[in-house]
Amino acid sequence: MGSINFPAEEERMLNHWDDTNAFHQQLELSKDDPPYVFYDGPPFATGTPHYGHLLASTIKDIIPRYWSMNGRYVERRFGWDTHGVPIEQIVDKELQEELGVRGRAAVEKVGIKEYNRRCREKVLTYAGEWRKVIGRLGRWIDFDRDYKTMDPSFMETCWWVFAQLHKKGMVYHGARVLPYSTALNTPLSKSEATEEYKDVQDPAVTVSFPVLPPDQQPEAVRQKVEEVLKTVGGNLDFVAWTTTPWTLPSNIALCAHPDYEYLIVHDVESDRRYLMVEAGLRVLYKDPKKAKYKILSKLKGKDIAGWKYKPIFNYFVESFKDVGYRVLLDTYVKDDEGVGIVHQAPAFGEDDYNISWREGIIDYDRSPPNPLNAGGEFTSEVPDFEGQHVKAADKNIIKFLEGQGRMVRKSQITHRYPHCPRSKTPLIQRAVPSWFIKVESIVPEMLKNLEKTHWVPRQVGMGRFYQWISAAKDWNVSRNRYWGTPLPLWVSDDMKEVVCVSSVAELKQLSGYEGEIKDLHPDSVDQITIPSKQGKGTLHRVPEVFDCWFESGSMPYASSHYPFSYPDYDSSQPDSGMSRTEGPGKALFSKFPGDFIAEGLDQTRGWFYTLSVLGTHLFNTFPYQNCVVNGIVLAEDGKKMSKSLRNFPDPMLVIDRYGSDALRLYLIDSPVVRGEPLRFSEMGVKQIVSGVLLPLWNSYNFFAQQAALLKKNTGSDFVFDPEMQKSNENVMDRWILAATQSLLQYVNQEMEGYRLYTVVPRLLKMVDDTTNWYIRFNRNRLKGQTASAKPATNGVQMNGAKPEADGDSEEAVDTLHALNTLYEVLYTLVRALAPFIPFLSDNIFQRLAPHLPESITKGKDVRSVHFLRFPTVRQELFDPVVERRVSRMQKVIELGRLARERRTLSLKTPLKTLIVLHQDQQFLEDVKTLERYVTEELNIRDLVLTTEESKYGVEYSVQADVKNLGMKFKKDAASIKKALPKLSSADIHAFLDTGAITVEGHQLSAEDLRVQRGLKQSPETADLEVAVEGEVMILLDAFAYPELAQEGLAREVLNRVQRLRKRADLVPTDDIKLAYSVLSPATVDGADGAGKGEKGAVSEASRLEAERLVEEMFVQQAGTITKAASLGVVKIEDGGAKEEAVAEEEAEVKDVRLLLRLLKV
C-alpha cells in the first residue's frame, strides 16, 4: 500500500474495466433513467490525437460522467468526419507518386470509382490509434457503435436536411468570389481561409492606363476629358497599383473614390502625366522630395467617373468594350496604400465583383473574365500565358508590361497573406459557380436562438459567436471535390429545371431505377438520371459535393438516421419529420435539443456555427442547450504545437510517465477551460502528481494503515457507520464533514452551470483540506493514541487495545469517530472526483468498498465507483459556524507559517508569542475556540487575540494605484502621489471607513489607493515578524527562547502521563512513579542510502542525543512532571523500574520516541 506507480495502477484499472465491461455496465444500470443528450463533434482520423483532442475529450468525458452519476442515461457514441480535403490530400499524394498527377487530373486518369475506393481505404488509418489513446485517457465512449459521415444512413439524412431547406426556398445557385485553393481545386469557406496566414514577398507594380482621346469617350464625359487634357498639355495616364499582376489580363475597369482629391503629376524624366492621389507619390517615387515632377492640376474622384481608358490586354475587349474599361466610383478605395485607383478584375475580387455587377459591367448573361482552370493555370483564353500557374505567371506578365511600356514602377512587398490550411499554398480570390444556403435572412432568428442557449465562457457565446452570426453571409455549401456526400440536385442542361432529392426511395421513384442503392457517393449515384417533367430531356446530378461542415452540422439528425429510422416515419409524406409533435419528430423532440456540446474556440466559425444554421432552418432552434468552449493548447514557448518543430512532448509518453489522471487534471485546472490559451508544460503535469494525486493516495493509505491497526488491536474490521456522525462533537470532524457538504452543494451548482474552471479548484482545495489540515491535525486520534486500553494479563494496559466489555471509553469512541469521519470524507471525495480522475478515484474506492456496511451495498454493484450515484448533500452535517471558525483558524496559521518562513524558522523551533490583530471581535472569538490547534501547529506558547493596534505600534500607509491615477488625473497624478506620505493615520482610517479621501484637491476612491499596515521600526519591534492578509494581521515573536523547547516537551510528557493515569483508573491522590526509556527513531532522515550497519549507527546516535535532551528536561522541568508523578522519574535501563507496572504506552513526543510506564509503589 505504500508507494504507488500511478500509470501502472491505471493500466490495472483499465484491465478491471475491461473484465467487468464497466462502461456498458454503467449504461445498463442507468438505462431507465431520463436521457441526457451529448453530441460528439466528429474528428478526422487522418492523424493521431493531439493535446487539443485530449483536452476536448476530457471535457466530453467529465460532463457525461457527472450526469450519468446524477441519475441520467448518457449515450456516448464516437463519430468520425470521413469526407473532405484531408482524405483527398493523402490519396492525391499517393497518386502523385504513382502516376505523376494529382487532383482533377488524377481523378480523370484512375476514374472516380477507384479514387473514392482509395479514399475509403484511408479514412480510418489511425482509428485504432485513436481508440487506444482515447481509451487510455479514461474516456468512456462507444467506438463499436460509432457513426461515420460516409455511412449511407448518415449521407441520406444529409440529403433530407438539404431537401427541407430547398423546399423552403433557402437554396440557390449563384457565383460568389470566395477563397480558392488552386492546390485542392476547390473554394474554401471564409472561416477556413482565415486559419493560416504567412508572411510572403509579392511583386508590387504600378501600371499605366492611358486615358482615351475625347473622341473615343462617352458623350457624357467627353467635354470634361477634353478640358483636362488641354489644361495639362498632353496625354494623361491613370495609374493603378497591384500586388497581383496575374489579375491584369482580366482587367475590365478601374475604381476611384468619389471624394478623394486626385493630382495630375507631370513626371519630368519620362515626360508622362499621371493621375493619382497625393499619397501615391510615395509609390511612384522612392523619395518624393528629391523626385523631379510637377503638379499640373487637381480633380475630385467624382469628376473622372465614366472616363474610358486603353486596355492593357485585348483578350476580352470584344465582350466588354461597350460596357467596360472605364472608371467606376466606390468608397471601398483607400489611400493608405497604392495610388488611390484600383484596377478591377471581377472574377478575382469580392469588391470588384459587387461593384462591376452594380454598374452593369457583368450580369447573368455576361460573366466576368475567369481564364483559369481548376488548378489555377491560365487557359487558352489568355494565349500568351496559357498553362502557367497564376503565381508563376507574375514575372512573365511583368515582362510583358515592360515591353508594352505600361510599367510605371515595380518593387517588392512583404505582407501577411492567407494560405490554404490543408495544402499550405497561397489562396486566391475567385468567382466560383456554387450552391448557397441562405443565412443572412435568418440572422435575427439565430440571434434569438443564441439568447436561449448557455455558453461557457459566456463572453464567447455572447461576444465572439454573436458577432460572427451578426455578420453572417450566405453559406457556400458546395465543393468541387470528389470524396464527399453528393449534392442531391438533378438539373437540366440549361440549369432551369432543378430537382432536389431527399432520400434513396425518392431517387428510385423519380428515376425509375430498380437496382439496389447501397452507397450514395458520386461514383454510385451519378449514373442515375431523372426524366424531365418540363420537356428538357434528362436531368443529371450536379458535380459538386457537400462542404463537410454541412455534414458535421447535420450530425444531431444524421448520426441516428433521422427521420428514416424513427417511429412513424411516412415516406409518402414529403413533410414527415418536420413536425415536433407528430411522426418521427415526436421521438426526436423527446431528447432534442441536445443537452451539451463542447469543442475548441475555433469552432465558433465551424461546427457550432453550422449546427446553429441548420437547427434554425429546420426547427427554429439551436440543436444544443449548453456549449462549453475551450481555448487552444500551445507549446510551452507560446507557439502553435508542431510535429515538425518537435516543440511538445508526445501525449502518450506524458501519460506513460505520469498517468492520465494527472494529464486530465492539469488540462482542466488551467486557463484553457475558460476559453483562454494554455502553454503546455510537462512540469505542470508532474506537479499535479506531487501536489494532488499523491496526497490523495497518501490520505487513503493513512486510513488503511489505521484501519489495519484497529483490526490488529481489536480483532474487528472497521465498518463505516454513517449514523455515527450524529453523536460526534469533535470540532475538526464536524468541520471536515460540513466542508464536504458545502463542497457537494457547490459542485452541483457549478456543474449545472458547466463551469468546470470553478469546480476543479474547489475539489483540489478539498483534497488539501483533507490531507494538510484534517489528517495533519488529527493524526494521533486516527492512530488510536488516545484510545482506551484494557488490562493485559499482567495488569499492564496497552494503548489501542479493545475496550472493556462494560463500555467504551471516551478515547476509544473518539478514535472511531475520527476513522469514521476520514472514511466518509474519502468515500465522498472519490465519488465527487470520479468524473475528473476516473482511475485513482475508482482505485481508492475499490479499496474502501469492503468497509461499507450492507445497508449501503445491498442491491448495488460496487465493483466500480462509476456505478454509484454522485454523493448527495447530507443537510444534517452542515455547520456554517464551524466552517467559519476553522477557515479563520487556517488563515491565522497560514500567516504564522509565512512569518516563520520569512525568518527561516522551522516549525520545530518553539516560539513564545503570536499576536493576532483584527477589528472584528467575532473573528478573534472564532480563533479563540480553536486556540489549541493554532498553538500546537505553529509551536508557540502564547496566543494573543486583540483589536488594540495602537498598543503594538501598528502604522498605516497608502500606496497609489499608478495606472488608475494616471488615467483619471493625468498630469496631476504625480503631485497626488507625492502628497500621499503626508497623510495621517486618522486620515487613512477615515478613508477606510468612507471609501473616499481628498488629496491635493482631488477626490480619490478605493480603486485609486491601496492601504498597507506595518510596524514602526524600533529595537522593541525588531524580533516581531509581520504578516497581513485582508483585515487580519499577525505579529510573531521570532526570538528563540532556549527554555521553550524543554517546556514544550515537558507539557507533552505530562499530558501523556495524565492520560495513562486516567486509563489506569488512578485517582488524583494515588502516588505513582514514572519510568521511561528513549527508543530508537522509527526512521532516520538521510540514512536511506546507508548500509544496515551504518543505519544502525546513525539510529543509535539519534537515540543518544534524544536521551540527553529528555534527561535535561526531566531535571529542569521536575516541578511540572511531579504534578502527575509525585514519586519521581526513573530510567527503565537503570533498573529503577522494579515496581508493578499499571499502564504503559509507546508515544512520539516532539519527534522523540518514548516508552512511558506508570509504576504503583
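**Cavities, a strand and salt bridges**

Reader: How much space lies in the second largest cavity?
Author: Keep in mind that we're looking at a predicted model here. A search of the whole structure turns up four cavities of 30 Å³ or more. For the second largest cavity, the space comes to about 40 Å³.

Reader: Which element gives the most to the lining of the second largest cavity?
Author: Residues lining this cavity include Ile4, Phe6, Glu9, Glu10 and Met13, along with Phe839 and Leu840. Two elements give two or more residues to that lining, α1 (6–20) and α30 (838–848). With four residues, the top contributor is α1.

Reader: How many nonpolar, polar and charged residues are in the lining of the largest cavity?
Author: The largest cavity holds about 130 Å³ of space. It is lined by 16 residues, and the closest to its centre are Gly84, Val85, Arg479, Asp547 and Cys548. At least two lining residues come from each of α4 (85–99), β4 (186–187) and β22 (545–546). Sorted by class, the lining has eight nonpolar, three polar and five charged.

Reader: Arg479 forms a salt bridge with which residue?
Author: Side chains of opposite charge can pair when their charged atoms come close. In this pair the closest N and O atoms are 3.4 Å apart, and the partner of Arg479 is Asp547.

Reader: How far apart in sequence are the parts that Arg479 and Asp547 tie together?
Author: The salt bridge joins Arg479 to Asp547. Arg479 lies in strand β17 (residues 478–479), while Asp547 is in the loop between β22 and α19 (548–553), so the parts tied together are separated in sequence by 68 residues.

Reader: Is Asp547 buried or exposed?
Author: Buried means under 20% relative accessible area. Asp547 has a relative accessible area of 2%, so Asp547 counts as buried.

Reader: What about Arg902 and Glu1025, how far apart in sequence are the parts they tie together?
Author: Their side chains meet in a salt bridge, 3.9 Å from N to O. Arg902 lies in helix α32 (residues 880–902) and Glu1025 in strand β33 (residues 1024–1029), so the parts they link are separated in sequence by 123 residues.

Reader: Is Glu1025 buried or exposed?
Author: Arg902, at 47% relative accessible area, is partly exposed. For Glu1025 the relative accessible area is 14%, and the cut-off for buried is under 20%. So Glu1025 counts as buried.

Reader: Which residues make up the uncovered face of strand β29?
Author: In a regular strand the side chains alternate between the two faces of the sheet. In β29 (residues 954–960), the covered face has Val954, Tyr956, Val958 and Ala960. That leaves the uncovered face with Glu955, Ser957 and Gln959.

Terms used
Residues numbered from 1 in each chain as written. Predicted model: local features only at pLDDT ≥ 70, side-chain atom pairs only at ≥ 80, totals over all residues. Heavy atoms only, no water. 1 Å grid on protein atoms, 1.4 Å probe; cavity = no way out; pocket = protein on both sides within 12 Å on 5 of 7 lines; lining within 4 Å. Points joined across faces, edges and corners; volume = space filled by probe spheres on them. Nonpolar A, V, L, I, M, F, W, Y, C, P; charged D, E, K, R; others polar. Buried < 20%, exposed > 50% of the residue type's maximum accessible area, 1.4 Å probe, protein only. Salt bridge = Lys/Arg side-chain N within 4 Å of Asp/Glu carboxyl O.
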